[in-house]
Amino acid sequence: MTDKTPEAGSEAAIRAYKTILSQVIDQRPSGMRQRLADALGKHRSFVTQISSPAYSIPIPSKHLPAIFSVCHFSPAERDHFLAAYHQAHPGKMSMAAGLRKTRHVSLIVPDFGDDKQNAALDKAVNDFIQKITSITGKGG
């Protein structure tokens, strides 16, 4: 095993931070990938692609606050992840450094008795929150 730091901006650097995310998710209770998919307003396959080091698809920086919040990163895990993320995406450092603190909000919504309708409602709520927070993020 080697402790060699991957080259900045390389696929190895992307794999490094995705390995950290994958390890964090694996240490959490089952269902974490689905909860993350719900929070991001994406399908679970998207979470698989952004959390698996086997895929070279980078994690968009806009998803980092939700990932840290939903996966309950410890401060040490977050620092370790961000160091690797900055190694992989040197130009994104200012965006990641300016991450806003997030919080969880629970809602009670109707159960339609249909998985597709429930998923559509969950997605609509997530999309609405993403749009509202993106608007406020531009002004603040």
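The paragraphs below go through the salt bridges of this predicted model and one backbone feature. Local features are given only where pLDDT is at least 70 and side-chain atom pairs only at pLDDT 80 or more, while totals for chains, interfaces and linings use all residues. Residues are numbered from 1 along each chain as its sequence is written, and side-chain values use heavy atoms, with hydrogens and water left out.

Four salt bridges turn up in a search of the whole structure; the term stands for a side-chain nitrogen of Lys or Arg within 4 Å of a carboxyl oxygen of Asp or Glu. One of them pairs Arg 28 with Glu 77, with 2.8 Å between the closest N and O atoms. This pair links distant parts of the chain, 49 residues apart: Arg 28 sits in the loop between α1 (11-27) and α2 (32-40), and Glu 77 in helix α5. Helices here are DSSP runs (H or I, at least four residues), numbered from the N terminus. Arg 28 counts as buried, at 18% relative accessibility, where buried means under 20% relative accessible area, exposed over 50%, and partly exposed in between (1.4 Å probe, protein chains only).

Asp 26 bonds to Arg 33 in another salt bridge, the closest N and O atoms being 3.4 Å apart. Asp 26 is exposed, at 53%.

A further salt bridge joins Asp 127 and Lys 123 at 2.8 Å between the closest N and O atoms. Both residues belong to helix α7 (residues 115-139) and are four residues apart, about one turn of the helix. Asp 127 is partly exposed at 27%, as is Lys 123 at 42%.

Most residues other than glycine have a negative phi. His 72, not a glycine, has a positive phi of about 50°.

Conventions:
Helix = DSSP H or I, 4+ residues; strand = E, 2+ residues; numbered from the N terminus.
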